[in-house]
Amino acid sequence: MKALRVAVAAVAAWLWLVPDAAGQQFLWNADFDFRFDNREYDAMATARSETIFGVRLTPEVGLGWGRGNAVMVGLDLFSDFGTTTDISRQMIVYYRYRDDRFDVHFGRFPRRHLMGDYEKAFFSDWIDFYDSNIDGLMANWRGRHGYVELAFDWNGKIGAGQREKFMIFSSGRLNYGAFYGGYNANMYHYSCSLEEPGVVDNILIYPFAGADFRTVLPAFSKLFLQVGWLQSFQRDRLYVGRFVNPGGMQIELGIERWGFGIDNTLYLGSGLMPYYDSVVEGQPAYGAELYPGEFFYRTTAGVYNRLEIYWRHCFPSGVAFKVASVHHYDGHGWGWQQRIELQVPLSDKMFRKHPRPKDETARPAADRPRAKAARRAE
């Protein structure tokens, strides 16, 4: 890590000294994330109680040139409170191209750069906070009436005690007046380690349609109703040898005004995680290694409901604060989650006397689709 720190410092110093010639520009940003998330799930059959409490700082520096090109390098510094005083460190390095329509990333880059609005059946809050970087590539296109995004994340190299794993996922949306339709899709290849044989294919798709009523009630910052179908196709090639296809309907609604909001998600169907625990002789309990979505979709009662009541505020300085009370029901019992989040995005553009062209600035939150509360502009 000493060599990495020296390399980052050297790159930063070099970029600082590079003259602003031929369109070369010194770029930097630093994102601060604080999260307290207390989870009381003793009455539930699908999840266990725990507390997520930690802080993350991701400083980056880079060189921008031409129309939307940039190479960025940085560190992901994370401290999980209550464990040790050590800070985990992960290198960030990527090439980025961005213009008015396209956004392309190659390398290891923060997950917050994704544009897609992915359901919690695809990525849990835990993944969002603890696995905060994508190792691979991402591309999206956005237009006047919608967007489409495709990403590849290589999150496991075969080795001793380590399975080969990669994920291809995508999201899209098309708006037509007050109505819209779209999809989430994910193909997860969960392969063997040096000690453990076998391959599991985990495919999940979610087509949906909805209505955004802000077109007729613009006083609300959020007001929508959405209906979709979650469908999974899973095959444990070694222990089962055939596809199983759990799925079900999902209904979502949200309302927000003056920063106060309510989000409710109701899932009616079979459990989407049949191999979370072993079901045949010799089969491992794959657990969260195979299923990156929220544990509650393991439901054996045919129902899962998530109700979130929150208040959030974005200050003129860009600092975003949110406090939320989240209630879960899995058909067996109720669980309660209390969350506090503070996010501070800093970048060179905040201190410029003369703003640069639009394609060289971070994408504002308004450009994203119906973004989840936990996400923010870059």
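Buried means under 20% relative accessible area and exposed over 50%, with partly exposed in between (1.4 Å probe, protein chains only). The model is predicted, so local features need pLDDT of at least 70 and side-chain atom pairs count only at pLDDT 80 or more, whereas totals for chains, interfaces and linings use all residues. Residues are numbered from 1 along each chain as its sequence is written, and side-chain values use heavy atoms, with hydrogens and water left out.

**Exercise 1.** Determine where Trp258 lies and whether Trp258 is buried or exposed.

*Solution.* Begin with the location: Trp258 sits in the loop between strand E13 (247-257) and strand E14 (260-269), strands being DSSP runs of at least two residues, numbered from the N terminus. Next, take the accessibility: because its relative accessible area is 68%, Trp258 is exposed. Finally, inspect the backbone, where phi of Trp258 is near 55°, a positive value in a residue other than glycine.

**Exercise 2.** Describe the surroundings of Asn305.

*Solution.* Asn305 belongs to strand E15 (residues 303-314), and it counts as buried because its relative accessibility is 14%. Leaving aside residues up to four places away in sequence, Asn305 touches Asn264, Thr265, Leu266, His327, His328 and Tyr329, where contact means heavy atoms within 4.5 Å.

**Exercise 3.** Identify the residues with the most contacts inside the largest nonpolar core.

*Solution.* A nonpolar core is a set of buried Ala, Val, Leu, Ile, Met, Phe, Trp, Tyr and Cys residues joined through side-chain atoms within 4.5 Å. The largest has 41 residues, and Phe169, Leu230, Leu290 and Tyr297 have the most contacts inside it. Strand E10 gives the most to this core, with four residues.
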